[in-house]
Amino acid sequence: MTFNGTTTTWDGNATGTFAVSSGAIGGTGALDLQPGNFNWSGGTIGGAGTLTTNSGVATLLSNSLTLNRPWVSKNGFTMNAGSSLAINNGGSLTTSGAQTININSGAANTISGTGKFTNASGSVVHTSPGPGGTTTISAPLDNAGKISLESGALVVSGSGTDKIGRAHV
C-alpha cells in the first residue's frame, strides 16, 4: 500500500509493504504494521491512534518527516542520510524491547520537536554520521538504553532524563 501526496484517514492493520512518500495520514484508530516493509520517505503521520511497527517490520526513514501520533517501535529502524524526524502535536517515539535504531549518513540527521523520544532499556540508538557528519537529537529524550557513536558528531540538546542509559563513543 503506497500513499503519495494524499490526505488519508487510516484506522486499521496493514500487512506487507506500507509506504508513505508525501501527504498526510491521520485517523483515530491504531495503525498496527505487521511483518513486511515500512518505507517512510516524506509527509506526516498523525492522528490519535498509536502507530506500532511490530517485530518483523523492516522500517526505513528518509527525507523530511513529521510524526504527530504516538509511535511504538518494536523492531528498530534505519534513518538514511540527511533525514529529519520532527515529533510534534501529540507525537512521541518509544522503543520497546531489544532493538537497534541505525542513523546513517555522511550528512546531518535530526530527531527534533516537542514530542518525547523514549529509548527503552535494551534498545540501542547507533549513529554513524561519518566524518564531518552530525546527528542531532533535540527532542526531549528519556534514555534507559544505549546510545553509540561510530563516527562524526552526536549532539543531544533536548530535555529529558538518562535513567540507566549509556552513551558509547
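This note goes through the overall build of the structure and then its aromatic rings.

1. The model is predicted: local features need pLDDT of at least 70, and side-chain atom pairs count only at pLDDT 80 or more, while totals for chains, interfaces and linings use all residues. Residues are numbered from 1 along each chain as its sequence is written, and side-chain values use heavy atoms, without hydrogens and water.

2. The protein has 23 strands and zero helices. Both are DSSP runs numbered from the N terminus, with at least two residues (E) for a strand and at least four (H or I) for a helix.

3. The radius of gyration is 15 Å, which agrees with the value near 15 Å for a compact globule of 169 residues. It is taken over C-alpha atoms, and the globule rule is 2.2 Å times the number of residues to the power 0.38.

4. Of the 169 residues, 47% are buried. Buried means under 20% relative accessible area, exposed over 50%, and partly exposed in between, with a 1.4 Å probe and protein chains only.

5. Five aromatic pairs are found in the whole structure. Rings of Phe, Tyr and Trp (its six-membered ring) pair if their centres lie within 6.5 Å; planes under 30 degrees apart are stacked, over 60 edge-to-face, and the rest tilted.

6. F18 and F38 form a tilted pair, because their ring centres are 5.9 Å apart and their planes stand at 55°. F18 is in strand β3 and F38 in strand β5, 20 residues apart. F18 is buried at 2% relative accessibility, and F38 is buried at 0%.

7. W40 and W71 form an edge-to-face pair, with centres 6.4 Å apart and planes at 65°. F3, F18, F38, W40, W71 and F77 form one aromatic cluster.
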